[in-house]
Amino acid sequence: MTAAATPDLGYQVKFQSVPIQGGDDLQIRSLLDRQQFFDPDGAAHAQGISAATWPLFGMLWPSAQYLACAMQQRDDLVGKRILEIGCGLGLASLVVHRRLADVTASDCHPLAEVFLQANLLLNALPVMKYLTGQWTTANAGLGQFDLIIGSDVLYERSHPQQLSDFIDRHSADVVEIVIVDPNRGHRSRFTQHMQALGFAHSMTNLDSALPASEPYRGRMLHFTRQQRSLLSA
């Protein structure tokens, strides 16, 4: 891992190699630490992102690495329209894109796309689709997807309702949802909202460490819906 000062940008970054089980490592540019903050034009504040939460998008989270490894193991990605929600650094999207599947990364942070473009270059990958994904407002042009994925996206009390509604709006009639959650505490309410929208639910315990990482405990949430109900249409 190497650190780099970027005084011209107003924040510091680091570079590291991230192991992906079953595939090649990803070279990732991330924020140096959680003390970074730079919002000179108030773009993040306008999205409801505080100084405390500003750096979270740019950190390398174990849940994101778990999701990326899960996408590496799948053999059914090609032919699906795939969306990563709250992508942050976009590890899972990078893996899906590297495997030649149709993926769109989305996040509400103003710098998420900047870091995504940098990481595409670091890994010699072509341009990938990115669209702003604000859960509480209409996202014109985002469309509907066959597979929606995300990691560590249930960290505030408002997220279960907001995220389930967002997923419902952007789900194809037949859809699969995969969410990695590090036991944040809002999983049960999110599951209840999803079931009310007609999604079947299953869950897998994640309790083994990833390569070069600390011990991890969490859940992989899996939702499917075979037909959109009239109530959610």
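**Entry 1: ground rules.** I take strands as DSSP runs of E with at least two residues, and I number them from the N terminus. I also keep in mind that this is a predicted model.

**Entry 2: Asp146.** I began with Asp146, which is found in strand β7, residues 145-151. Is Asp146 buried, exposed or partly exposed? I read a relative accessible area of 27% for Asp146, so it is partly exposed, since that class runs between 20% and 50%. Next I listed its contacts, skipping residues up to four places away in sequence: Asp146 touches Gly79, Lys80 and Arg81, and also Ala172, Val174, Val175 and Glu176. With Arg81 I found a polar detail, as the Asp146 side chain reaches the backbone nitrogen of Arg81 at 2.7 Å. I also checked Thr224: Asp146 and Thr224 are 78 residues apart in sequence, and their C-alpha atoms are 10.0 Å apart in space.

**Entry 3: Asp152.** I moved on to Asp152, in the loop between β7 and α5 (159-169). Asp152 has 11% relative accessibility, so I count it as buried, the limit being under 20%. Which side chain does the Asp152 side chain meet in a polar contact? I found that of Arg184, at 2.8 Å. Leaving aside neighbours within four places in sequence, I noted Asp152 in contact with Trp61, Ser63, Val180, Pro182 and Arg184.

**Entry 4: the largest pocket.** I looked for open space next, and the largest pocket holds about 710 Å³. I counted 33 residues lining this pocket, and the closest to its centre are Asp107, Cys108, Trp135, Tyr155 and His159. How does the lining of the largest pocket divide by class? I got 14 nonpolar, 14 polar and five charged residues.

**Entry 5: aromatic pairs.** My search of the whole structure turned up eight aromatic pairs. I found both Tyr11 and Trp54 buried.

I then took up Tyr66 and Tyr216, another tilted pair, with 4.7 Å from centre to centre and 40 degrees between the planes. This pair links distant parts of the chain, 150 residues apart: Tyr66 is in helix α2, and Tyr216 is in the loop between β9 (200-206) and β10 (218-225). Tyr66 counts as buried at 9% relative accessibility, and Tyr216 does at 7%.

I also wrote down one aromatic cluster, formed by Tyr11, Phe37, Phe38, Trp54, Phe57 and Phe115.

Key
Residues are numbered from 1 along each chain as its sequence is written. This is a predicted model: local features need pLDDT of at least 70, side-chain atom pairs count only at pLDDT 80 or more; totals for chains, interfaces and linings use all residues. Side-chain values use heavy atoms; hydrogens and water are left out. Helices (H or I, at least four residues) and strands (E, at least two) are DSSP runs, numbered from the N terminus. Buried means under 20% relative accessible area, exposed over 50%, partly exposed in between (1.4 Å probe, protein chains only). Contact means heavy atoms within 4.5 Å. A polar contact is a pair of N or O atoms within 3.5 Å; within protein, one must be able to donate a hydrogen and the other to accept it, and residues adjacent in sequence count only if both atoms are side-chain atoms. On a 1 Å grid over the protein atoms alone, a cavity is a set of points where a 1.4 Å probe fits but cannot get out, and a pocket is an open set with protein on both sides within 12 Å along at least five of seven lines; lining residues have an atom within 4 Å of a point. Grid points are joined across faces, edges and corners, and a volume is the space filled by probe spheres set on the points. Ala, Val, Leu, Ile, Met, Phe, Trp, Tyr, Cys and Pro count as nonpolar, Asp, Glu, Lys and Arg as charged, and the others, Gly among them, as polar. Rings of Phe, Tyr and Trp (its six-membered ring) pair if their centres lie within 6.5 Å; planes under 30 degrees apart count as stacked, over 60 as edge-to-face and the rest as tilted.
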